[in-house]
Amino acid sequence: TQFKGNAPGSCSLEGLAAEAATLDDLVAGEYSWIRILRPTPLEPHTVHTFESEIQDAGPVTHVRFNIFPDGGVMRLRLFGVRSRRGRLKQTFRWLNTMPEDDAATQFRTCCGYEKWAQHMVAGRPYEDLDAVEAAARALFHSLGPDDWRAAFASHPKVGTPPPVSARSEPVSAFSESEQAGARAASESNRGELKRLNEAYLEQFGFRYIVCAAGLSGDEMVANLTARLQNDPKQELGTAGQELIRITHLRLEKLLGP
């Protein structure tokens with residue numbers, strides 16, 4: 001609007017998918033543009049809305065607005081949705097640029113062990129989820145027995161609700177969904193899980209850890225019963241692998257598509 005006597009005769013819009021393109025590349029004509037809106041007449045002092053006229057150009061990173069032969073346009077607004085790739089790029093831009101304390105908080109939702117969270121913060125920037133998971137795996141495989149026990153202690157007990165004060169934390173939301181099977185178990189199953197958890201802690205000296213996603217109460221009782229037959233060294237390794245699985249699942253929920 002406002003351009004009452006100086007409107008272009010028509011306009012068109014083109015798109016381009018070229019993440020690495022520079023302004024010089026675009027000006028030099030290094031890329032082929034795809035039509036989004038064919039040349040369309042314009043009127044002076046008018047808000048024009050185009051929807052059915054829009055052609056599908058696929059995902060784009062740049063747009064070019066053309067006016068013919070010349071004239072004024074006050075504003076161009078484009079509405080769309082982010083592609084899967086675009087969402088992932090934005091997610092990792094968010095992760096890589098947030099303050100260190102905020103990043104540590106996000107990583108603690110995936111594993112509450114402070115040493116692990118700080119290591120993950122120090123490893124930024126990350127290009128993608130594979131890079132994050134590789135860094136997480138590398139640190140886990142460098143841990144000694146005392147580190148593993150400290151990491152297990154940061155994880156909520158299986159079959160018991162988190163403290164009321166922690167339920168608003170993102171890590172509690174992950175735990176609640178993962179342990180849905182235990183929450184829905186029968187009263188006798190919950191009692192058996194409690195008894196076996198206490199026996200496990202007394203026998204091994206650390207908290208029982210299992211990737212509980214999708215497991216029913218009966219399955220957790222069977223898993224815990226079987227693992228009580230392990231020797232301490234074997235069980236430390238088994239619990240560690242379960243914690244790695246839990247952490248990777250949570251990283252995918254936090255950062256994946």
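The expected span of a helix is 1.5 Å times one less than its number of residues. Helices (H or I, at least four residues) and strands (E, at least two) are DSSP runs, numbered from the N terminus. The model is predicted: local features need pLDDT of at least 70, side-chain atom pairs count only at pLDDT 80 or more, and totals for chains, interfaces and linings use all residues. Residues are numbered from 1 along each chain as its sequence is written, and side-chain values use heavy atoms, with hydrogens and water left out.

**Exercise 1. The overall layout**

Task: State how many helices and strands the protein has, and give their order.

Solution. 
- Step 1. There are eleven helices and three strands.
- Step 2. Starting at the N terminus, the order is β-α-β-β-α-α-α-α-α-α-α-α-α-α.
- Step 3. The protein has 257 residues, and 36% of them count as buried (under 20% relative accessible area; exposed is over 50%, partly exposed in between; 1.4 Å probe, protein chains only).
- Step 4. Take contacts (heavy atoms within 4.5 Å) between residues at least 6 apart in sequence: 69% join residues at least 24 apart.

**Exercise 2. Helix 5**

Task: Check the span of helix 5, then find its buried face.

Solution. 
- Step 1. Helix 5 (129-142) has 14 residues, which at 1.5 Å a residue should span 20 Å. Its end C-alpha atoms are 20 Å apart, so the two values agree.
- Step 2. Its buried residues are L129, V132, E133, A135, A136, L139 and F140.
- Step 3. The arc is that of the directions from the helix axis to the C-beta atoms.
- Step 4. An α-helix has 3.6 residues a turn, so residues three or four places apart point the same way.
- Step 5. On the other side of helix 5, D130, H141 and S142 are exposed.
- Step 6. The buried residues pack against helix 2, helix 3, helix 4, helix 6 and helix 11.

**Exercise 3. Helix 2 and helix 6**

Task: Find the buried residues of helix 2 and helix 6, and say what covers them.

Solution. 
- Step 1. In helix 2 (residues 84-97), T91, F92 and L95 are buried. They cover an arc of only 90 degrees around the axis, which puts them on the same side of helix 2.
- Step 2. Their cover includes helix 3 (100-108), helix 5 and helix 11 (232-255).
- Step 3. In helix 6, D147, W148, A151 and F152 are buried. Their arc is only 140 degrees, so they too share the same side of helix 6.
- Step 4. The face turned away from that buried side carries the exposed residues D146 and A153.
- Step 5. The cover of the buried residues of helix 6 includes helix 4, helix 5 and helix 11.

**Exercise 4. The nonpolar cores**

Task: Name the residues that touch the most other members of the largest nonpolar core.

Solution. 
- Step 1. A nonpolar core is a set of buried Ala, Val, Leu, Ile, Met, Phe, Trp, Tyr and Cys residues joined through side-chain atoms within 4.5 Å.
- Step 2. The largest core has 47 residues; F107, W116, V132 and L251 touch the most other members.
- Step 3. Helix 11 gives the most to this core, with eight residues.
- Step 4. Beyond its neighbours within four places in sequence, V132 is in contact with F92, L95, F107, M120, Y126, L251 and L255.
- Step 5. A second, separate core of six residues includes C11, L37, L42 and A57.

**Exercise 5. Aromatic pairs**

Task: Classify the pair F140 and W148 and the pair Y200 and F206.

Solution. 
- Step 1. Rings of Phe, Tyr and Trp (its six-membered ring) pair if their centres lie within 6.5 Å; planes under 30 degrees apart count as stacked, over 60 as edge-to-face and the rest as tilted.
- Step 2. By this rule there are ten aromatic pairs.
- Step 3. F140 and W148 are stacked: 5.6 Å centre to centre, with 10 degrees between the planes. F140 and W148 are buried.
- Step 4. Y200 and F206 have ring centres 5.8 Å apart and planes at 80 degrees, so this pair is edge-to-face. Both residues are buried.
- Step 5. One aromatic cluster includes F140, W148, Y200 and F206 among its members.

**Exercise 6. Two single residues**

Task: Are E235 and T61 buried, partly exposed or exposed?

Solution. 
- Step 1. E235, in helix 11, has a relative accessible area of 0%, so E235 is buried.
- Step 2. Not counting residues up to four places away in sequence, E235 touches Y200, F204, F206, R227 and N230.
- Step 3. T61 lies in the loop between strand 2 (34-41) and strand 3 (62-68). At 42% relative accessibility, T61 counts as partly exposed.
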